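These are notes on the model shown below. They are set out as numbered points.

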Amino acid sequence: MSTPQHPMPQAAAPDWQAPAPGSPYPTYTSPIPVTRTHLGNAISSEWTKIRSVRSTMWTLGVFLLLVVGIGLLVASLVAANESEGSLTGENPLSFGVFGLLLGSMCIITLGVLTTASEYGTGMIRTTMTACPSRARVLAAKAIVFFGVAFTVTFASALLVALADVAMLDGARRPSTSEWLKGTLGISLYIALLGLLSLVVGSIIRHSAGAITIMIGLVLAPLVIALFMVSSALEDLRQALFDYSIPNQLGVFYTNSLSNSGPSGWDPLWIALGVTAAAFAGAVALLQKRDV
């Protein structure tokens with residue numbers, strides 16, 4: 001007995017309309033709705049990318065290990081070896097800066113890979129074809145990356161800060177301003193540092209080169225200043241100390257390496273200005289270059 005054959009569903013007939021004035025041919029209206037894309041679509045695409053690639057998991061995993069692990073280890077060592085009155089007047093939040101300085105390398109790496117890796121694999125051609133607005137693509141990458149970097153950094157810094165305060169009984173209690181700078185402020189600063197790395201990756205278009213530039217930016221000024229022993233270079237040496245990134249991280253914990261230079265929230269405004277200028281330059285280059 002043969003199996004009855006069910007008729008296949010027929011596609012809707014094309015919607016042919018009367019010819020437009022001055023044209024001998026009829027026009028066709030697609031049954032598929034056509035909508036204009038916007039920044040939200042680009043953000044959704046970039047969010048899918050950043051949570052799908054293995055580099056995100058590895059870099060953020062190492063970041064958590066360094067920040068939380070080193071932060072708790074340093075606090076444990078200090079608590080085990082403190083003597084009576086040795087921590088009087090000390091800000092307990094400042095012991096978390098060691099892990100954050102090393103962890104910032106992970107945020108820098110992830111920021112560079114967010115843009116530069118697409119040029120290495122050729123994925124950038126697909127991205128720009130799907131979204132021809134290059135400024136929108138870079139803005140979407142920046143928004144998604146900044147959100148991820150800030151969230152992870154803030155959660156890590158807050159966890160270490162709470163642990164440090166609980167473990168170091170001999171230290172003084174941080175003020176509200178110190179809590180804000182030691183958690184929110186430093187998280188914004190490191191997220192901006194990662195965002196600057198993303199922009200440099202877009203400009204350089206080479207992962208290794210951009211990561212090298214950013215690590216040099218973080219470490220080179222302080223290392224160079226350490227070897228400037230000539231009195232004729234004292235002013236330059238002091239400027240390198242004052243504006244080096246490790247010193248600016250310390251400023252958030254009122255633990256600066258020098259008595260001059262940025263103070264308070266100044267490092268955050270410096271990072272914001274530099275990142276904004278670099279972002280504008282990257283957008284200008286994107287408009288001129290071929291993908």
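1. Lysine 141 sits in helix H5, residues 134–167. Helices here are DSSP runs of H or I with at least four residues, strands are runs of E with at least two, and both are numbered from the N terminus. Beyond residues up to four places away in sequence, lysine 141 touches Glu46, Lys49, Thr114, Thr115, Glu118 and Leu198, where contact means heavy atoms within 4.5 Å.

2. A word on the basis of these notes. The model is predicted, so local features need pLDDT of at least 70 and side-chain atom pairs count only at pLDDT 80 or more, while totals for chains, interfaces and linings use all residues. Residues are numbered from 1 along each chain as its sequence is written, and side-chain values use heavy atoms, with hydrogens and water left out.

3. The protein has 10 helices and 2 strands. From the N terminus, the order of the elements is β-β-α-α-α-α-α-α-α-α-α-α. Of the 291 residues in the protein, 40% are buried. Among contacts between residues at least 6 apart in sequence, 76% join residues at least 24 apart.

4. Which residues are linked with lysine 141 in a network of salt bridges? The network consists of Glu46, Lys49, Glu118 and Lys141; a salt bridge is a side-chain nitrogen of Lys or Arg within 4 Å of a carboxyl oxygen of Asp or Glu. Glutamate 46 counts as buried because its relative accessibility is 7%.

5. Lysine 49 also forms a salt bridge with glutamate 118, at 3.1 Å, N to O. This pair links distant parts of the chain, with lysine 49 in helix H1 and glutamate 118 in helix H3, 69 residues apart. Lysine 49 and glutamate 118 are both buried.

6. The whole structure holds 5 salt bridges. One of them joins the side chains of arginine 237 and glutamate 234, at 3.9 Å, N to O. These two residues are 3 apart in helix H8 (residues 234–243), so about one helical turn separates them. Are they buried or exposed? Arginine 237 is partly exposed, because its relative accessible area is 22%, and glutamate 234 is partly exposed at 35% relative accessibility.

7. Threonine 114, one of the residues touched by lysine 141, lies in helix H3 (residues 97–121). Threonine 114 counts as buried because its relative accessibility is 14%. A polar atom of its side chain lies 2.7 Å from the backbone oxygen of leucine 110. Setting aside residues up to four places away in sequence, threonine 114 touches Ile50, Lys141, Phe145 and Leu198.

8. The largest pocket has a volume of about 240 Å³. Its lining has 14 residues, and those closest to its centre are Lys49, Val53, Leu113, Thr114 and Ser117. Two or more lining residues come from each of helix H1 (39–52), helix H2 (54–81) and H3, and H3 gives the largest share, 6 residues. The lining divides into 5 nonpolar, 5 polar and 4 charged residues. Pockets are found on a 1 Å grid over the protein atoms alone: a pocket is an open set of points where a 1.4 Å probe fits, with protein on both sides within 12 Å along at least five of seven lines, and lining residues have an atom within 4 Å of a point.

9. The second largest pocket has a volume of about 210 Å³. Of its 15 lining residues, Tyr189, Leu217, Ile245, Gln248 and Val274 lie nearest its centre. Helix H6 (176–204), helix H7 (207–226), helix H9 (245–251) and helix H10 (266–288) each supply at least two lining residues; the largest share, 5 residues, comes from H10. This lining has 12 nonpolar residues, 3 polar and no charged. Ala, Val, Leu, Ile, Met, Phe, Trp, Tyr, Cys and Pro count as nonpolar, Asp, Glu, Lys and Arg as charged, and the others, Gly among them, as polar.

Methods. Buried < 20%, exposed > 50% of the residue type's maximum accessible area, 1.4 Å probe, protein only. Polar contact = N/O pair within 3.5 Å; in protein donor to acceptor, adjacent residues only side chain to side chain. Points joined across faces, edges and corners; volume = space filled by probe spheres on them.
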